[in-house]
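I wanted to jot down what I looked up, entry by entry.

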Amino acid sequence: MRKPDGKIVLLGDMNVGKTSLLQRYMERRFPDTVSTVGGAFYLKQWRSYNISIWDTAGREQFHGLGSMYCRGAAAIILTYDVNHPQSLVELEDRFLGLTETASKDCLFAIVGNKVDLTEEGAPESLEQEGCSPGKAGSGGAPPRVPKQVQPEDAVALYKKILKYKMLDEKDMPAAEQMCFETSAKTGYNVDLLFETLFDMVVPTILRQRAEGLSQTVDITSYKPPKRTRSGCCA
Ligand SMILES: Nc1nc2c(ncn2[C@@H]2O[C@H](COP(=O)(O)OP(=O)(O)OP(=O)(O)O)[C@@H](O)[C@H]2O)c(=O)[nH]1
Ligand SMILES: [Mg+2]
C-alpha cells in the first residue's frame with residue numbers, strides 16, 4: 001500500500017455527515033451511510049503527495065479513539081450540521097480537546113454541512129447526481145427550513161480555536177477562508193473544501209517528511225483523552 005505523507009481528519013458529532021462528505025468527494029456520490037464504527041480512511045493522491053483522509057465516529061461510545069486518529073494530523077475538519085446548533089457547540093465541548101495530538105502547525109476548517117436543507121441552501125444542480133436509487137426516489141426532497149447556524153457562528157468558533165491554541169490570527173489562514181458551508185447531498189463546496197486543504201497542508205507534509213515523523217495510527221499508544229466539557233475558552 002502507498003504510504004501516506006500527510007493526514008487530514010474529519011471530526012464532529014454523529015449524523016452531521018462526515019462519512020457522506022468523504023464519500024461525495026472520493027466516490028462522487030451520495031450513498032446511504034451507516035453510523036461509523038471506530039474510523040476508516042481514504043488515500044488521496046494530490047500532486048506528488050499521498051494524503052490520508054480519516055473518517056471518525058461521532059458516537060459518544062467511540063469518543064476516546066478521536067485523539068488517536070488526530071495524532072500528527074496536518075488538518076482537522078470540524079464538521080457540524082447547519083440545522084443543529086448543538087452540533088456546533090459539541091465541536092468546542094467534545095471534539096476540540098481531541099486535537100491536542102495533532103501536528104503543531106495543524107490547520108482547522110469549520111464545516112457546516114446539510115446546507116441543502118435550508119431555505120438559503122445550496123444550488124440544486126447536482127441534487128440527483130450520484131444519489132443511490134433508494135434516496136433519490138424516496139418521496140421527494142424534504143421542505144427547506146431557515147438555517148439554524150449562521151456562518152458568523154462558525155467564524156466565531158474558528159477565532160476561539162486559534163485563541164485556545166494560542167495561535168496568532170495573523171499567522172493563520174483567515175476565518176473566512178477556513179469556514180465552509182457544504183452539502184454532501186448536492187456536492188456543494190465539497191471539492192472546494194478538500195482541495196483547499198490539500199494545497200494548504202503541503203508545507204506541513206514537507207516539514208513532517210524532513211523531520212521523519214510517522215503518519216501511522218498506533219492503537220497501542222492509545223491514551224484516554226482529556227475532556228473539555230466546560231468549553232475551550234470561556
Ligand atoms: N440532506 C442532507 N443529508 C445529509 C447530508 N450529509 C449527510 N446527510 C445524511 O445524514 C445522515 C448521516 O450522515 P453520515 O455521513 O452517516 O453522518 P456521520 O457524521 O458520518 O455520522 P457518524 O458516522 O455516526 O459519526 C445520513 O442519513 C445522510 O444521508 C447533506 O449534505 N444533506
Ligand atoms: Mg460516519
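Predicted model: local features only at pLDDT ≥ 70, side-chain atom pairs only at ≥ 80, totals over all residues.

I found Thr36 buried, at 14% relative accessible area. Next I looked up the magnesium ion (ligand 2): Thr19 (OG1) and Thr36 (OG1) coordinate it, at 2.0 Å. Thr19 sits in helix H1 (residues 18-27) and Thr36 in the loop between H1 and strand S2 (39-46), so the pair ties together parts 17 residues apart in sequence. I checked Thr19 as well, and with 16% relative accessibility it counts as buried.

Entry two, aromatic rings. How many aromatic pairs are there? I got a count of 6. I looked at Tyr25 and Phe198: their ring centres are 5.8 Å apart and the planes stand at 65°, so I wrote the pair down as edge-to-face. Tyr25 belongs to helix H1 and Phe198 to helix H7 (residues 190-210), so this pair ties together parts 173 residues apart in sequence. Tyr25 is buried at 3% relative accessibility, and Phe198 is buried at 0%. Phe198 also pairs with Trp46, tilted this time, with 5.2 Å centre to centre and 50° between the planes. Trp46 is in strand S2, 152 residues from Phe198. I noted that ring pairs link Tyr25, Trp46, Phe194 and Phe198 into a cluster.

Helix H3 (residues 85-95) packs against helix H5 (residues 151-164) at an angle of about 0°, with the axes 11 Å apart. That makes the two roughly parallel. In the contact I found Leu88, Leu91 and Glu92 of H3 meeting Asp153, Leu157 and Lys160 of H5. I sorted those residues into 3 nonpolar, 3 charged and no polar.

Notes. Residues numbered from 1 in each chain as written. Chains lettered and ligands numbered in written order. Heavy atoms only, no water. Donors = N, O, S within 2.8 Å, 3.2 Å for Na, K, Ca; no water. Helix = DSSP H or I, 4+ residues; strand = E, 2+ residues; numbered from the N terminus. Buried < 20%, exposed > 50% of the residue type's maximum accessible area, 1.4 Å probe, protein only. Axes fitted to C-alpha atoms, helices over the stretch in contact; angles between N-to-C directions. Parallel < 35°, antiparallel > 145°, perpendicular 65-115°, else oblique. Contact = heavy atoms within 4.5 Å. Nonpolar A, V, L, I, M, F, W, Y, C, P; charged D, E, K, R; others polar. Phe/Tyr/Trp six-rings, centres within 6.5 Å; stacked < 30°, edge-to-face > 60°.
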